[in-house]
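Have the model open as you read.

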Amino acid sequence: MRYSDYDESSVRVRPNKKGSRPRTKDRPAHEKAVIGRIVTVDRGRYTAILDEDTPAERIVIAARARELRRQAIVPGDLVALVGDTSGKPDTLARLVRIEERSTLLRRSADDTDATERVVVANVDKLVIVVAAANPEPRTGFVDRALVAAYDAGIQPVLCVTKADVADPAEFLAHYEGLELPVVISRTTDAEASGIDARSADGASARLDAAALDQLQGLLAGCVSVVLGHSGVGKSTLVNALTGAQRATGHVNAVTGRGRHTSSNALALRLGETPGSWLIDTPGIRSFGLGLVDPENILAAFEDLADIATGCPRGCTHAAGQAGCALQAWADDESTGAQAAARLASYRRLVTTEETTHEKELGAQ
């Protein structure tokens with residue numbers, strides 16, 4: 001055969017061992033995927049509830065799709081599931097999409113860490129739990145949690161436990177200027193009326209029934225998350241509200257700190273009102289604010305935000321700021337002492353957030 005008998009069509013191309021067609025970046029839309037709510041995450045397996053509050057309600061275990069491997073999926077997330085979504089034993093669905101989040105509570109490990117750590121998603125209220133004593137309440141932690149809540153558009157609720165041990169009045173005075181619902185809970189002995197809650201060492205205690213009723217009313221019909229240091233009675237409170245059996249612990253007499261008893265976040269049904277969920281989180285020791293937008297803090301104070309429209313451009317609303325409409329409002333005798341207290345509370349929260357950013361810049 002002569003060389004001229006060959007043309008380009010005669011060339012045999014060896015198939016690419018990784019595939020003969022280029023890989024597309026387009027992914028299936030999964031129009032027929034079913035939507036579920038994530039209730040807990042454990043070692044790469046996601047537990048979701050489907051068709052909640054209907055006769056077809058069921059629990060499904062799922063694994064995430066490869067394209068979601070870099071995205072945080074947390075309790076409260078609404079997700080799209082495909083595959084076997086029957087919820088039968090030994091079945092596994094595939095989690096292919098995270099639905100748009102209405103709210104996102106996030107933190108950083110400390111003030112020098114800018115890495116986002118997502119706590120929960122799609123929650124309406126944040127219950128900040130502190131103890132009146134043993135361990136001592138810390139305004140710094142509460143302030144940081146309030147800033148994170150306001151930044152995320154979540155309504156905070158302050159719950160003080162162990163008020164029978166110490167009077168929380170002095171601590172609560174720091175928050176008089178805020179429109180912050182406060183629930184005070186007392187732990188009583190086994191002979192008193194209340195709700196049973198048994199600790200890990202077997203000691204029996206009862207929680208203040210009036211405080212529990214108040215919390216039930218505040219949280220009914222909402223998705224809420226409970227946040228607090230270890231040892232403040234957070235899991236005991238969750239057990240009393242939901243009837244769950246989350247492990248509870250005690251406070252170390254030497255360090256004054258509680259031990260972690262909740263190892264993962266878990267969403268639990270709260271009462272009989274549809275749509276009521278309570279997410280218990282592991283106790284945390286720090287709440288970094290590296291991702292907070294200061295403007296969102298002012299937006300959470302609706303009355304202050306309206307007045308601040310009269311401030312000059314670039315006004316920081318700090319004490320001594322020339323021409324600050326907020327300061328003029330607080331100094332007006334007709335507004336009363338509550339106005340000054342509310343402005344002071346706002347400034348303290350802003351100072352908390354600004355101090356965080358100053359530390360971050362110094363670390364850089």
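## A loop residue and a helix

Thr85 sits in the loop that links strand S4 (78-83) and strand S5 (93-98); helices (H or I, at least four residues) and strands (E, at least two) are DSSP runs, numbered from the N terminus. Bear in mind that this is a predicted model, where local features need pLDDT of at least 70, side-chain atom pairs count only at pLDDT 80 or more, and totals for chains, interfaces and linings use all residues. Residues are numbered from 1 along each chain as its sequence is written, and side-chain values use heavy atoms, with hydrogens and water left out.

Is Thr85 buried or exposed? Thr85 is buried, at a relative accessible area of 15% (buried means under 20%, exposed over 50%, partly exposed in between, with a 1.4 Å probe and protein chains only). Beyond its neighbours within four places in sequence, Thr85 is in contact (heavy atoms within 4.5 Å) with Val34, Leu50, Arg58, Val60 and Ala93. Leu50 is 35 residues away along the chain, yet the two C-alpha atoms are 8.5 Å apart.

| Residues in H3 | Relative accessible area |
|---|---|
| Ala211, Leu212, Leu215, Leu219 | buried, under 20% |
| Ala210, Asp213, Gly217 | exposed, over 50% |

Leu212, Leu215 and Gln216 of H3 meet Leu237, Ala240 and Leu241 of H4. Just after H3, Gly221 has a positive phi of about 80°.
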